[in-house]
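Biologist: I'm new to reading structures. Could you pick a single part of this protein, look at it closely with me, and then show me what surrounds it?

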Amino acid sequence: MMMANELPEDLVTQILLWLPVVSLLRFKCVCKSWYALITHQNFVRKHVLHNNNNNSNTHLLLKTSNKTMDDYVVSTISYEELQISPLTQPLPPQYFRNDEPFGEKFSISVVGSCNGLVCLHAYDTLKVVIWNPTIRETKVVPESPAGYCTRIQGMGFGFDAKTNDYKIIHFVSMYEPNFDDYVMKDVKEIIYQKEVYSLSTDSWRKVDGTQCFISETGPMAYTTGMGSWLAYDHDQDSFVLSFDMSDEVFLKTPLPDNVTEQSLFVLNESIAMVALMPVDERWREIRYDIWLLLKVGVKDSWNRLFTIGPSFARIHQPLGFWKNDTMFLNKIDNGQLFLYDPSTKQMTDLQIHGHSNSMQLVTYMETLVSVKGGNESEE
């Protein structure tokens, strides 16, 4: 049998590209040449591209609260079979401790997942972490230089393919220390600033963009190289605001007429919008209208795909999409996860449970991408 060091390097590389991350982590110990190959950035990039092209290593990452410990945990769900892993792991808690002696526990949200890296944010704070759960690396992002009198209104995380860099974009509102009743202030009375964090430089910088307020009805929707949010301006006109991670420019897309209570998701690498709509004038019954944006920046490219409800809408909330327009719904009273098929109008109980108000579901791919930089640690 040929020894590892007798095989041509190109052949070794092609074989290793097909392996899952857990195997590659073990195979780093085979020999020095394999360690050098597997840890080299060129191999890491090729492994990411290989997985993106064949979906062989794609999962769903479910974040929810642990009912017994009252902590946030994540579980992986196989993308093809929708089977949840029996193993869970906590979010990196040491980076989200509250310094106040009797303060409440932070509400932690998943900003986004890209190429195996997960961005986490503690709500109503400047605490942000980039985490690779597979290789157990964690990066504490330095706080924004905007100042202590700031509040993060919106945040996104994505990949700049032109520079091979991972970026965080956030929208911060700045105000005076004695700015009473901040949450009641009009959008015109607050100074808004947009900043981009680069993982490669471990630093923040300002970027120019339209003056607007990011809606808190849902997280960012991330399509390849672009993050999108629901936003509104000082006239209270709502629109989709998109940010190109490479060119660092903003694009605005007006919403369809007469839609209310929206949230954004991703469907087939396009922006999808779920609009909560009344069935009657008194909102005694409601429905969900599902829209797809075919071209960013063009209002007329919105296409209404299907409607959910009214029977399901009052007791379920959307979490995201799966294959063939099927949709994940979370039962509001007990956090039970269902799959809705718009073609048959049938609901399937996935036998997965969690806290409904803390549940998030994002697409996740196991990778070797490292978060190491100026301020990292291994768990």
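**A close look at one leucine**

Modeller: The protein chain has four helices and 26 strands; these are DSSP runs, helices (H or I) of at least four residues and strands (E) of at least two, numbered from the N terminus. Please keep in mind that this is a predicted model: local features need pLDDT of at least 70, side-chain atom pairs count only at pLDDT 80 or more, and totals for chains, interfaces and linings use all residues. Residues are numbered from 1 along each chain as its sequence is written, and side-chain values use heavy atoms, with hydrogens and water left out.

Is Leu-62 buried or exposed? Leu-62 is buried, because its relative accessible area is 2%; buried means under 20%, exposed over 50%, and partly exposed in between, with a 1.4 Å probe and protein chains only. Across the chain's 379 residues, 50% count as buried.

What does Leu-62 touch, once neighbours within four places in sequence are set aside? Its contacts (heavy atoms within 4.5 Å) are Val-73, Val-74, Ser-75, Ile-77, Ile-84, Ile-352, Met-359, Gln-360 and Leu-361. Also look at Thr-363: 301 residues separate it from Leu-62 in sequence, yet their C-alpha atoms are 8.9 Å apart in space. For the chain as a whole, take the contacts between residues at least 6 apart in sequence: 50% of them join residues at least 24 apart.

S1 belongs to an open sheet of four strands, ordered S3-S2-S1-S25, with antiparallel pairing; two strands pair if DSSP finds at least two bridges between them. At the edges stand S3 (84–90) and S25 (360–365), each pairing on one side only. From one strand to the next, the twist averages 30°. S1 and S25 run antiparallel and are joined by six bridges, and Leu-60 stands opposite Thr-363 in S25.

Now for a second sheet. Here four strands again form an open sheet, S21-S22-S23-S24, with antiparallel pairing. S21 (316–321) and S24 (346–349) each have a single partner strand, so one side of each is left without a neighbour in the sheet. Neighbouring strands here are turned by 35° against each other on average, direction ignored. Four bridges link S23 (residues 337–341) to S24, and Phe-338 faces Asp-349 in S24.

There is a hairpin to find as well. S6 (residues 128–132) and S7 (residues 137–140) run antiparallel, joined by four bridges. Asn-132 has Glu-137 in S7 as its bridge partner. Of the hairpin's four residues between the strands, Arg-136 takes a positive phi near 60°.

Finally, look at two helices. The axes of H1 (residues 9–16) and H3 (residues 32–39) come within 11 Å and cross at roughly 60°; axes are lines fitted to C-alpha atoms, for helices over the stretch in contact, and angles run from 0 to 180 degrees between N-to-C directions. H1 and H3 are therefore oblique to each other: under 35 degrees counts as roughly parallel, over 145 as roughly antiparallel, 65 to 115 as roughly perpendicular, and the rest as oblique. Glu-9, Val-12, Thr-13 and Leu-16 of H1 make the contact with Trp-34, Leu-37 and Ile-38 of H3.
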